[in-house]
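Look over the sequence and the structure before going on.

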Amino acid sequence: MKNLVGLVKPGGWIQLVEMSFEGVEDTSGPMYEFKSLLDAFFTAAKAQWNFASHLDGWLVEAGLADVEVKIAQLPYGKACDDEEIAKKSLYAFRLGSVAVCGAAKGEFGPD
């Protein structure tokens with residue numbers, strides 16, 4: 001975080017976007033399954049993955065002032081009213097899922 005903050009000029013700002021699974025209550029849907037996969041993968045790797053609840057504190061510790069957190073619950077897939085946004089959201093979700101699954105299989109390690 002300190003390296004990221006070091007790139008910001010005085011008066012500048014950083015915008016970070018992080019997925020959070022807070023509020024996901026459906027225990028049978030794809031989002032819950034993805035959350036379960038993330039939990040298992042990062043627990044096995046002895047790493048933390050749910051950064052959303054920590055970002056503000058880390059940014060303040062790194063020396064930033066006026067840190068704000070804004071939470072936006074955004075629908076994805078069929079929950080979107082806009083068909084184009086629905087397609088884009090599923091594409092983004094798929095990219096993340098493929099990356100996590102590949103990492104879990106050891107396919108994205110160092111060369």
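Q: Which 8 residues make up the largest nonpolar core?
A: This is a predicted model, in which local features need pLDDT of at least 70 and side-chain atom pairs count only at pLDDT 80 or more, while totals for chains, interfaces and linings use all residues. Residues are numbered from 1 along each chain as its sequence is written, and side-chain values use heavy atoms, with hydrogens and water left out. A nonpolar core is a set of buried Ala, Val, Leu, Ile, Met, Phe, Trp, Tyr and Cys residues joined through side-chain atoms within 4.5 Å, where buried means under 20% relative accessible area, exposed over 50%, and partly exposed in between (1.4 Å probe, protein chains only). The largest such core consists of F21, M31, F34, L38, F42, W49, F93 and V100.

Q: Which element gives the largest share of this core?
A: Helices (H or I, at least four residues) and strands (E, at least two) are DSSP runs, numbered from the N terminus. The elements that supply two or more residues to the core are α2 and α4 (83–104). The largest share, 4 residues, is from α2.

Q: Which residues does L38 touch, not counting residues up to four places away in sequence?
A: L38 is one of the core residues. Contact means heavy atoms within 4.5 Å. With residues up to four places away left out, L38 touches F21, W49 and V100.

Q: How many helices and how many strands are there in the protein?
A: Reading from the N terminus, the elements run α-α-α-α. The count is 4 helices and 0 strands.

Q: Why is the protein described as more spread out than a compact globule?
A: The radius of gyration is taken over C-alpha atoms, and the globule rule is 2.2 Å times the number of residues to the power 0.38. For 111 residues the rule gives 13 Å, and the protein is well over that, so it is more spread out than a compact globule. The C-alpha trace spans about 45 × 40 × 25 Å along its principal axes. The radius of gyration is 17 Å.

Q: Which two residues form the aromatic pair, and is it stacked or edge-to-face?
A: Rings of Phe, Tyr and Trp (its six-membered ring) pair if their centres lie within 6.5 Å; planes under 30 degrees apart count as stacked, over 60 as edge-to-face and the rest as tilted. The structure holds 1 aromatic pair. Its rings are 4.8 Å apart centre to centre, with 75 degrees between the planes, and the pair is F41 and F42, edge-to-face.

Q: Is S89 buried or exposed?
A: S89 lies in helix α4. Leaving out residues up to four places away in sequence, S89 touches Y76, G77 and C80. Its relative accessible area is 16%, so S89 is buried.

Q: Which residue's backbone oxygen lies 2.8 Å from a polar atom of the S89 side chain?
A: A polar contact is a pair of N or O atoms within 3.5 Å; within protein, one must be able to donate a hydrogen and the other to accept it, and residues adjacent in sequence count only if both atoms are side-chain atoms. At 2.8 Å from the side chain of S89, the backbone oxygen belongs to A86.

Q: Which residues does A62 touch, not counting residues up to four places away in sequence?
A: A62 is in the loop between α3 and α4 and counts as buried at 17% relative accessibility. Beyond four places in sequence, A62 touches M1, K2 and V5.

Q: What is the phi of D66?
A: D66 is also in the loop between α3 and α4. At 76% relative accessibility, D66 counts as exposed. Although D66 is not a glycine, its phi is positive, at about 55 degrees.

Q: With which residues is F51 in contact, leaving aside neighbours within four places in sequence?
A: F51 is in the loop between α2 and α3, and at 29% relative accessible area F51 is partly exposed. Its partners are E18 and W58.
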